[in-house]
Amino acid sequence: MATRIRGGLGLRPGSREGSGRPPLLRELLLVTGLFLVYKLGRLAANGHEARAFRNADRVWDAERALHLPGEGAIQQLLLHGEPLIRAANTYYAAVHFPATIAFLAWLFWRRPAHYLWARRVLALVTGAALALHILVPLAPPRMLAATGLVDTARVYGPSVYGAAPEADSMANQFAAMPSLHFGWALMLAIGLIAAARTPLRWAWLLHPALTLLVIVGTANHYWLDAVVAAALLGLALLVVPKPARPAPPSAAPPADTLPSDAAAEPGAVPRARSAAGAVPAGVPR
C-alpha cells in the first residue's frame with residue numbers, strides 16, 4: 001500500500017538520473033551556508049519595530065481597499081476546536097523546513113537536474129525575500145491591534161517565536177512579507193509536479209493550499225504576503241532554466257512487432273500476413 005501511494009504521487013522507485021548529480025558534500029555545505037546567511041540577514045534586519053507597524057497598517061488598509069477577504073474569517077474556522085488550531089500551529093512550526101529538506105533530498109537522489117533547478121530557484125526567491133525583509137519590515141497581523149486577530153501560537157501553542165518580538169534572538173518577527181512558508185511550499189509542489197511522472201502528482205498542490213490557510217488562519221501572515229511570495233517565485237522560475245521533464249514509461253509497442261512494410265513506407269496500411277509470413281488469399285498485393 002505504501003509503495004502504491006508513493007508511486008501515485010510520483011515518489012516511486014525507478015531509474016535515477018545518474019548523470020549530473022553534484023557532489024553531496026559540496027551541496028550540504030552550500031545549502032547550509034545559504035541558510036546561515038539567510039538567518040543572519042533576518043537577525044540583522046531587527047530593530048525597525050516602529051516602521052514595521054506603520055507598514056502593517058498600510059498593508060491592512062490596502063487589503064481592505066482591494067476587497068480581499070478578511071484573515072479573521074479563516075481564523076474563525078480554525079478556532080472552532082482547540083485540536084484544530086493546535087494542529088494548524090504545529091503545521092506552521094514543524095512542516096516548513098522538514099518538508100523543504102525532504103523535497104531537495106528526494107530530487108538530489110532521484111532527479112539531479114531538477115534538484116539543481118529547484119535549489120537555484122529557492123536560493124533566488126529566498127535572497128529576494130531577505131532583501132524585502134530588510135527594506136520593508138512588516139509586523140504580522142497577530143501583532144496588529146486593528147486586525148482583532150488572536151496570536152494562536154501564543155495562546156494555544158506550540159510557538160516558534162519568543163514572547164518579546166523585539167528581543168527574539170532566534171528569528172526576526174517583523175519579516176512577514178513575503179511569506180517564505182508559502183513561497184517554499186509552492187515551489188515544493190511545482191518542483192514535484194515537474195519531476196514526477198504520474199497524473200496524481202498534482203495532489204502536491206494541496207501542500208501550498210493548506211500552508212496558505214495555516215499562515216493566514218494563525219495570523220502569522222497577510223494575504224498579500226503570499227501574493228508577493230508567489231510573484232517572486234514566478235520571476236525566479238522565469239530566470240532559472242527548467243530541466244526537461246522525465247520521460248514517462250513508453251506505452252508504444254516494441255519496434256520489432258511492427259510489420260516491416262509499415263516501417264519502410266510511412267503512412268501505408270500494412271498488409272495482413274499469416275504466421276508464416278505469406279500474404280493470405282484475397283489480399284491484393
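Me: Is His67 buried or exposed?
Reply: His67 counts as exposed, at 70% relative accessibility. The cut-offs are under 20% relative accessible area for buried, over 50% for exposed and partly exposed in between, with a 1.4 Å probe and protein chains only. This is a predicted model, in which local features need pLDDT of at least 70, side-chain atom pairs count only at pLDDT 80 or more, and totals for chains, interfaces and linings use all residues. Residues are numbered from 1 along each chain as its sequence is written, and side-chain values use heavy atoms, with hydrogens and water left out.

Me: Where is His67 in the chain?
Reply: His67 is in the loop between α3 (49–65) and α4. Helices (DSSP runs of H or I, at least four residues) and strands (runs of E, at least two) are numbered from the N terminus.

Me: And what is the phi of His67?
Reply: Phi of His67 is positive, at about 60 degrees, although His67 is not a glycine. Most residues other than glycine have a negative phi.

Me: What about the phi of Ala219?
Reply: Ala219 also has a positive phi without being a glycine, with a value near 65 degrees. Ala219 sits in the loop between α10 and α11. Its relative accessibility is 0%, so Ala219 counts as buried.

Me: Which residues does Gln75 touch away from its own stretch of sequence?
Reply: Leaving out residues up to four places away in sequence, Gln75 touches Leu149, Val150, Thr152, Gly217, Thr218 and Ala219. A contact means heavy atoms within 4.5 Å. Gln75 belongs to helix α4. With a relative accessibility of 2%, Gln75 is classed as buried.

Me: How far is Gln75 from Val214?
Reply: From C-alpha to C-alpha, Gln75 and Val214 are 8.7 Å apart in space, while 139 residues separate them in sequence.

Me: Stepping back, how many helices and strands are there?
Reply: The protein has 12 helices and zero strands. Of its 285 residues, 40% count as buried. Among contacts with a separation of 6 or more, 82% are between residues 24 or more positions apart.

Me: How many residues are in the largest nonpolar core?
Reply: The largest nonpolar core has 40 residues, and Phe103, Leu107, Val121 and Met187 have the most contacts inside it. Such a core is a set of buried Ala, Val, Leu, Ile, Met, Phe, Trp, Tyr and Cys residues joined through side-chain atoms within 4.5 Å.

Me: Which helices supply at least two residues of this core?
Reply: They are α4 (71–78), α5 (82–94), α6 (96–110), α7 (112–135), α9 (180–195), α10 (206–217) and α11 (223–239). Helix α9 gives the most, with 10 residues.

Me: What is Met187 in contact with?
Reply: Setting aside neighbours within four places in sequence, Met187 is in contact with Phe103, Trp117, Ala118, Val121, Leu122, Leu233 and Leu237. There is also a second, separate core of 13 residues, which includes Val59, Leu138, Tyr222 and Leu224.

Me: Changing topic, how many aromatic pairs are there?
Reply: A search of the whole structure finds four aromatic pairs. In such a pair, the ring centres of Phe, Tyr or Trp (its six-membered ring) lie within 6.5 Å; planes under 30 degrees apart count as stacked, over 60 as edge-to-face and the rest as tilted. One of the pairs is Tyr92 with Tyr161, which is tilted, with 6.4 Å between the centres and 55 degrees between the planes.

Me: Which parts does that pair tie together?
Reply: Tyr92 lies in helix α5 and Tyr161 in the loop between α8 (152–156) and α9, so the pair ties together parts that are 69 residues apart in sequence. Tyr92 is buried, with a relative accessible area of 6%.

Me: What kind of pair do Phe108 and Tyr115 form?
Reply: Phe108 and Tyr115 form an edge-to-face pair, 5.2 Å centre to centre and with 85 degrees between the planes. Both of these residues are buried.

Me: Last topic: what kind of peptide bond joins Gly157 and Pro158?
Reply: Gly157 and Pro158 are joined by a cis peptide bond, with omega about -10 degrees. Most peptide bonds are trans. Pro158 is in the loop between α8 and α9.

Me: And the bond from Met177 to Pro178, cis or trans?
Reply: That bond is cis, with omega near -5 degrees. Pro178 lies in the loop between α8 and α9.
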